[in-house]
Number of protein chains: 2
Amino acid sequence: MREVAVIGVGMTKWGELWDKSLRNIFVETALLALDDAGVVEVNSMYVGSMSSGLFVGQEHIASLLADYLGQSNIPSTRVETACASGGLALRLGYMEIAAGISELVLVGGIEKMTDVSGYEATYALGTAADQEYEGYHGITFPGLYGLIARAHMEKYGTTREQLAMVAVKNHHNGSKNPLAQFPYEITVDSVLNSVMIADPLRILDCSPITDGAAAVVLCPAEMARKMDKPVVKIIGSGHATDTIALSSRKDITWLEAVYKAAKQAYAEADKGPQDIDIIEVHDCFTIAEICVLEALGIVEKGKGGDAVEQGLTSLEGKIPVNTSGGLKAKGHPVGATGAAQVVEIVKQLRGEAGERQIKKARIGLAQNMGGSGGSSVVHLFERE
Amino acid sequence: MREVAVIGVGMTKWGELWDKSLRNIFVETALLALDDAGVVEVNSMYVGSMSSGLFVGQEHIASLLADYLGQSNIPSTRVETACASGGLALRLGYMEIAAGISELVLVGGIEKMTDVSGYEATYALGTAADQEYEGYHGITFPGLYGLIARAHMEKYGTTREQLAMVAVKNHHNGSKNPLAQFPYEITVDSVLNSVMIADPLRILDCSPITDGAAAVVLCPAEMARKMDKPVVKIIGSGHATDTIALSSRKDITWLEAVYKAAKQAYAEADKGPQDIDIIEVHDCFTIAEICVLEALGIVEKGKGGDAVEQGLTSLEGKIPVNTSGGLKAKGHPVGATGAAQVVEIVKQLRGEAGERQIKKARIGLAQNMGGSGGSSVVHLFERE
């Protein structure tokens, strides 16, 4: 298998983009990635999207987007594993280049979520849960994560304030990211006094509904070394699944899919949690960041809340987490999130992250998650 | 790259399966494929589904189905390219084994289409077309293929009767397939007198709305040779796209995505149209089979109608096409169709096709198509 590098990244301002359609948002973003890579044509494309059918009434988007991007007739594949669709697209593009099948692959993610009502968006997001055993009974996604949060507080003594601190940290980081949907600071008090969504989660514990895309260009590392910019390699890739219904799990505070995907990525890279300089995790809800850090082995089981309280994961901490602002502040166009995590990691490893730049970052990890942990994709990156 | 073989195939009776849910249908089918392969566990899964979100309100199905199949925590990926999703799943599984990443991969397709109203099903299928330039203006899928049919008749003199003969042939074949949704004969007269759907296409020119799944198990050819059954290898794979809107094409009677995908598959296999013994094509409408045979190079441009009239593609003809009954008689659960084509080809090449068995079939081709030709996947198979 060949070494694979990311040679181009693209992302535009996220938010409620009512004046742009799905194809416009994707093409604009993908052109930035192609420009950054210095290439015009690619051999194939992978696009992650969770539910373009329910959000904008358009399936078959891999062909549509290849066409509008001027990449006529190339193989173009849409992949879906709920909110981890973008990360999964990266994994397949990575495998295709590692295997020697292609030389240049464009990988992206897209979701256009604000063209429907809040009710319809909640329904569409709910299709990531088990419709027969969860959705049918009326539970929403915040409800599922509310259960996880309550169980984590009960089992490990995680506090309501610690949950809030995750959101505060990520908004602090996001305030330094001009592409973020909500680039401003919040306080613990504002989280604790925000409207209740699903006890104990309040609205400022939840990632928003967002329109946006992200894209990256991959090639063999050998090709990347001939270009005039730092080489960022993908050194490990993992993908695993779990039951999508929480009721089928032994312990709802533990994310087995994240653990298994990380284990696979660490093994491939021959690295461990102690080697990682920066991390982007899937903080769809504040409790998610806490559980993910535990499953990644960054902190011990039950210590995720303490980690944020002690500043371990802040911009100045030992292992900065979600320097981009995370899903919380940057926004969460569900299919795009996994690809946007890669954009942030690559910018950091290249030293192009502006005000939120982490010094001497050399190894990064991106963790993307579907549903309430029914799937996860983990990648490790290294700057040569 | 390693040689890849299909060692297990599974399919259950297709139709309106109101007493089974999506997960039941898939698991039942996948277990047949695993049994046929003589394996219990696989390393990963690829599932094709066009629109499980719109049809049954369930995305994230790759995780769900891996879980219900007892394949805990394995990487499981859903792919989508409208009605070619099943064929695309095969291609990705094939690449994963060819690259040496996995030893055993389960590939399947599923669609549960009859839990919604006819109006809703038509809407969901319409999401394979360009929503902004086609769907918005009210055109349905039969309407798009009606335009193609009319243009083909005008340009090449294809007759209304020739279109009907495609349906008659495929129902004849389907009458010998006990798993087909409509396993009975029809006549040219009955097609010509059936209700008009989108001029010139009548209801018996159209494939039906179907619930169903299909699954196959892949492994390295070297592993397959140690088993006690004929070895069927995948010797070529191609995937290409085209504009999904007909209005963007130079000639709507020509399927460039099919041509490009076939060219790639032929080149990889070092074979040409003259080498093929049996073919399964994507006859979502009668005109589609005619256009596809031309794009595959089986007949000259414009001669697809003559081919069926002269019996070239019948069970007794030089190149039998759609021995399974095709989408027309076997049924068309959109995401499953590409995988079911592989089931038929493998059964034929193994000599297990019962009453519809083609003697001395050694090389087979499966062609799967998304939308009105916006994507296509072509595979070539050979019995050792």
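Trainee: Which residues of H10(B) are buried?
Mentor: In this predicted model, the buried residues of H10(B) are B:Ala257, B:Val258, B:Tyr259, B:Lys260, B:Ala261, B:Ala262, B:Ala265, B:Tyr266 and B:Ala269.

Trainee: What do the buried residues of H10(B) pack against?
Mentor: They pack against strand S8 (232-241), helix H11 (286-295), strand S10 (363-370) and strand S11 (375-383) of chain B.

Trainee: What comes just after H10(B)?
Mentor: B:Asp270, with a positive phi of about 55°.

Trainee: What makes H4(B) and H14(B) roughly perpendicular?
Mentor: The axes of helix H4 (residues 85-98) and helix H14 (residues 337-350) of chain B cross at roughly 65° and come within 4 Å. The class runs from 65 to 115 degrees, so H4(B) counts as roughly perpendicular to H14(B). H4(B) makes the contact through B:Ser85, B:Gly86, B:Gly87, B:Leu88, B:Ala89 and B:Leu90. H14(B) contributes B:Thr337, B:Gly338, B:Ala339, B:Ala340 and B:Val342. The residues of this contact divide into six nonpolar, five polar and no charged.

Trainee: Now chain A. Why is S2(A) called largely enclosed?
Mentor: Five of the five residues of strand S2 (residues 44-48) are buried, so the rest of the structure largely encloses S2(A). A:Ser44, A:Tyr46 and A:Gly48 point one way, A:Met45 and A:Val47 the other, and all are buried.

Trainee: How do you know that S2(A) pairs with S4(A)?
Mentor: Pairing takes at least two bridges. Five bridges join S2(A) to strand S4 (residues 105-112) of chain A, and the strands run parallel. In S4(A), A:Gly109 is the bridge partner of A:Gly48. S2(A) also pairs with S3(A), in the parallel sense, over four bridges. There A:Val47 has A:Arg78 as its bridge partner.

Trainee: What joins S3(A) to chain B?
Mentor: Three bridges join S3(A) to strand S3 (residues 76-80) of chain B, and the two run antiparallel. A:Arg78 stands opposite B:Glu80 in S3(B).

Trainee: How many residues of chain A are in contact with chain B?
Mentor: 50 residues of chain A, touching 50 residues of chain B. Elements giving two or more residues to the chain A side include helix H4 (85-98), strand S8 (232-241) and helix H10 (256-269) of chain A. That side divides into 19 nonpolar, 21 polar and 10 charged residues.

Note on methods:
Residues are numbered from 1 along each chain as its sequence is written. Chains are lettered from A and ligands numbered from 1 in the order in which they are written. This is a predicted model: local features need pLDDT of at least 70, side-chain atom pairs count only at pLDDT 80 or more; totals for chains, interfaces and linings use all residues. Two residues are in contact if their C-beta atoms, placed from the backbone, lie within 7 Å. Ala, Val, Leu, Ile, Met, Phe, Trp, Tyr, Cys and Pro count as nonpolar, Asp, Glu, Lys and Arg as charged, and the others, Gly among them, as polar. Axes are lines fitted to C-alpha atoms, for helices over the stretch in contact, and angles run from 0 to 180 degrees between N-to-C directions. Angles under 35 degrees count as roughly parallel, over 145 as roughly antiparallel, 65 to 115 as roughly perpendicular and the rest as oblique. A residue is buried if 20 or more other C-beta atoms lie within 10 Å of its own, exposed if 12 or fewer, and partly exposed in between; C-beta atoms are placed from the backbone.
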